[in-house]
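Below is a short note for a colleague who has the coordinates open.

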Amino acid sequence: MSDQAGYVLTQATLATMVPGKDAYGLIPDGAIVVGDGRISWVGALADLPAEHATLPRQNLGGRLVTPGFLDCHTHIVFGGDRAMEFEMRLNGASYEEVARAGGGIVSTVTATRTASLEDLVAGALPRLDTLIGEGATVVEVKSGYGLDRETELNMLRAARRLAELRPVQIRTTFLGAHATPAEYKDRDDAYIDEICIPTLRVAHAERLVDAVDGFCEGIAFNAAQIERVFKVAQELGLPVKLHAEQLSHMGGTALAAKYGALSVDHVEYATEDDARAMADSGSVAVILPGAFYTIRETQAPPIAHFRSHGVPMALATDCNPGSSPLTSLLLTMNMGCTLFRMTPEEALAGVTRNAARALGVSDAGQIAPGFRADLAIWDVKTPGELAYRIGFNPLHSRIYEGAK
């Protein structure tokens, strides 16, 4: 995928997103040297080293360049849809009421179990293409709609297949502890022991898993049940993350922090103590405004506590068929700013530098030497404009691993 010969991007404003510099890590009239799929030099064009002077150049005409976007929380592999539940909620049913009535996650399980591997891939591709079309170069994909061994494995296989079909890095997350299937109704512990944990072991043996997740909530699993899964993940050397404090405060954030989770996601009901624990563990708070918006939540995540305690904040679409049918990171940025009063700089960091950290990806999310040449080139003058517009995509072009 990479351009082995090397080239230089010139006449651009660079939002490098390198921490510790001015806002956005801006470099006006900047240049980026790319070779072998990596960034080898970044700086002002006037300072371009002589050794790169003879490389081919591409004049970007003053456009803005950012790191390629990372969507660090998605469920884009699934069967069917839940448009009818959307209508139910608009007629007054809460997300929890829909779930307890047999809808929600479990309703998607039925459709996903009947889908073939090819069906799952075909269904996910349009969603992935939309993300790519807005500058995404890394996308996380979770399982969690199979809730039996073969379907969970098929979801992860489908996610791996996506990376073979599109120029994008896919990070897979095992989410077997997402819900209890109908055949294990009122037997949550048996499901964890008989299906979830054994399937995780098989998925790891097949090299299908990059991280392990769970849903700690009243309609899903409690902290003690999730911890059993986390202990196995730890044994296998896999990092963990957690859906926590979305609908209530269940203590999931403290558990995630205890295990040094890459991220704690949703966190609407997280407390200041939770923020302190996340700061101590280095966990990223993944903010998911699409779910907040779709289920008409009123409890906003504690952004001020995350700021004051230095917890890095990421933003993600949470693309899924029920609570967040969202495939736009640009809209996600706008929602983070409008609904939660995040700043445009925090929003851009949330889909670049901090999203990379939430995935444990060390060579993406910044424009810096040694990082992958994953770049998004925008028809805008300032980075704040990316979070400002609604329903408008100013992407000019996208570079993945140096390939233009």
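1. In which loop is histidine 75 found? Histidine 75 sits in the loop between strand 6 (69–71) and helix 1 (83–90), where helices (H or I, at least four residues) and strands (E, at least two) are DSSP runs numbered from the N terminus. This is a predicted model, in which local features need pLDDT of at least 70 and side-chain atom pairs count only at pLDDT 80 or more, while totals for chains, interfaces and linings use all residues. Residues are numbered from 1 along each chain as its sequence is written, and side-chain values use heavy atoms, with hydrogens and water left out.

2. An unreviewed UniProt entry lists His73, His75, His243 and Asp318 under "binding site"; UniProt positions are given in the numbering used here, feature names are shortened, and annotations may be inferred rather than shown by experiment. These residues span 246 residues in sequence, yet no two of their C-alpha atoms are more than 12.5 Å apart, so they gather at one spot.

3. Histidine 75 has a relative accessibility of 2% and therefore counts as buried (buried is under 20% relative accessible area, exposed over 50%, partly exposed in between, with a 1.4 Å probe and protein chains only). Beyond residues up to four places away in sequence, histidine 75 touches, among others, Lys142, Tyr145, His243, Asp318 and Asn320, contact meaning heavy atoms within 4.5 Å. The side chains of histidine 75 and aspartate 318 are joined by a polar contact of 3.2 Å, that is, a pair of N or O atoms within 3.5 Å, of which, within protein, one must be able to donate a hydrogen and the other to accept it, and residues adjacent in sequence count only if both atoms are side-chain atoms.

4. Histidine 243 belongs to strand 10 (residues 241–244) and is buried, with a relative accessible area of 3%. The side chains of histidine 243 and histidine 73 are joined by a polar contact of 3.2 Å. Leaving aside neighbours within four places in sequence, the contacts of histidine 243 include His75, Lys142, Asp213 and Asp265.

5. Asparagine 320 is found in the loop between strand 13 (313–315) and helix 12 (329–340), and at 5% relative accessibility asparagine 320 counts as buried. A polar atom of the asparagine 320 side chain lies 2.7 Å from the backbone nitrogen of serine 323, and the contacts of asparagine 320 outside four places in sequence are His75, Phe78, Tyr145 and Pro325.

6. The open sheet has 8 strands in the order 6-7-8-9-10-11-12-13, with parallel pairing; two strands pair if DSSP finds at least two bridges between them. Strand 6 and strand 13 stand at the edges with a single partner strand each, so one side of each is left without a neighbour in the sheet. Strand 7 (residues 136–142) and strand 8 (residues 169–177) pair in the parallel sense over 5 bridges, and the partner of lysine 142 in strand 8 is threonine 173.

7. Tyrosine 24, in the loop between strand 1 (7–15) and strand 2 (26–35), has a positive phi near 65° and is buried at 13% relative accessibility. Aspartate 36, in the loop between strand 2 and strand 3 (38–44), has a positive phi of about 55° and is partly exposed, with a relative accessible area of 48%.
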